[in-house]
Amino acid sequence: MGSGLILGIESSCDETAAAVVRSGHDILSNVVSSQVAMHALYGGVVPELASREHLRNVVPVVREAIRSAGITYADLDAVAVTSGPGLAGALLVGISFAKSLSFGLGKPLLAINHLEGHIHAALLQSSTQVDEATTTEPTLALVVSGGHTHLYLASQTSGAWHYRNIGRTVDDAAGEAYDKVAKLLGLPYPGGPWMDRLSAFGNPEAVRFTFSTIDRGTPGEPTFDFSFSGIKTAVLRYLETHSLREASATRHTALSAIASPTLEDARALCDPQTLDLIASFQHAVVSNLVRQTLRAAEHTGARSLVISGGVASNRALRARFTEVAQQRGLTVAFPPPALSTDNAAMIAAAAWPRFLHADFAPATLNATPQLRL
Ligand code: KG4
Ligand code: ZN
């Protein structure tokens, strides 16, 4: 083994990313080229455009990751790449590039599940407290992003990680609900961060949203599932019954006309009723995520929580989880906001235990768009 340098490559959705991480912990470089501005023109990710942009960006992004890490390609010990889940065409760009690089350098290739990456983003720089906790007992991991809302019981045996899925969304992911509701309200894409910041100006108790309880489990082995499509419909109904649809369309037109709209621009275009609706939506979604996660923690006896994925950068979610964890004597870890959304440092970090176990991918590695963890 060399000095534990792993190059991570991520291209599963709309960010082309590469990073060099030493021994699963020290980030030497972390380069993310986001396509968000381009997809925003269409109100969501356009798969064909995503693949084309990845193709354009992958070489300069990897080159920059190597350069800013202050190393050469020869210093690498392995190349790790996201093999799924994600958009097939987008995944293939990263995979093809990683395979060629691994073959050309004569270094092993590692295939990483994007969701495992998100979990490791929280473990990457977490307190030693969480590190110690995870080596002795299972950690409950909530991965909450634009494409996923999953609860896993994560544990280690001899340094190798195992994951048991104990809950998932049965329809929309939480981030997807944020983005769809923001779109209904005429806010820019992706809507999550806008809804998060605008929530501060509304009354979270103004509108009551309820969640149906879904459970695919059995009495002995319950599941802790989520459902977010109902709240989207409830928001739509609210807009219709309160005659707010036209105002949303006007807001969309006005915000689209501004090159880089600010929070103030968006706030000025929102009437008090809409701000209350935004705050109430956020309150309901966050409460639901926290409630289900705590139910799962109670049932499994997990003492430490890891919250990751794009929605983990939500300020209300962080505040609420921190508060309840303190009340219940649980430890909770979040990735820093920059590592919450898609990046390649999390892929290189998740690859480290696999590298130590020589759990390498074959040269025939292919994309698995529906890959499960
Ligand atoms: O993890 P990520 O970058 O990509 C996926 O794997 O999906 O997550 C992106 C998602 C988007 O839906 C975005 O709106 C949401 O995360 N998001 C947020 C916040 N920041 C990003 N949602 C709520 N509050 C935020 N602050
Ligand atoms: Zn992601």
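**A quick tour**

Q: Where does D342 sit?
A: D342 is in the loop between helix 13 (337-340) and helix 14 (345-356). Keep in mind that this is a predicted model.

Q: Is D342 buried or exposed?
A: D342 is buried, because it has 28 C-beta neighbours inside 10 Å and 20 or more is the cut-off.

Q: What is D342 in contact with, leaving aside its neighbours within four places in sequence?
A: E10, C13, E15 and A17.

Q: Which residues does UniProt list for "binding site"?
A: The unreviewed UniProt entry lists H114, H118 and D342. They span 229 residues in sequence, yet no two of their C-alpha atoms are more than 8.8 Å apart, so they gather at one spot.

Q: And where is H118 found?
A: In helix 4 (residues 114-124). H118 counts as buried, with 32 C-beta neighbours inside 10 Å. Not counting residues up to four places away in sequence, H118 touches V143, S145, S308, G309 and M346.

Q: New topic. How many residues surround ligand 1?
A: 19 residues, and the closest are G146, G175, G192, G310 and T341. By class, that shell has five nonpolar, 11 polar and three charged residues.

Q: Why does ligand 1 lie between domain 1 and domain 2?
A: Domain 1 (5-120 + 339-356) and domain 2 (174-334) both give residues to its shell, so ligand 1 lies between them.

Q: Last one. Which residues touch the most other members of the largest nonpolar core?
A: A19, A80, A348 and A351, in a core of 112 residues. Helix 11 (residues 272-300) gives the most to this core, with 11 residues.

Key. Residues numbered from 1 in each chain as written. Chains lettered and ligands numbered in written order. Predicted model: local features only at pLDDT ≥ 70, side-chain atom pairs only at ≥ 80, totals over all residues. Near = placed C-beta within 6 Å. Nonpolar A, V, L, I, M, F, W, Y, C, P; charged D, E, K, R; others polar. Domains from an automatic or database assignment. Core = buried A, V, L, I, M, F, W, Y, C linked by C-beta atoms within 7 Å. Buried ≥ 20, exposed ≤ 12 C-beta atoms within 10 Å, placed from the backbone. Helix = DSSP H or I, 4+ residues; strand = E, 2+ residues; numbered from the N terminus. UniProt positions renumbered as here; feature names shortened; annotations may be inferred. Contact = placed C-beta atoms within 7 Å.
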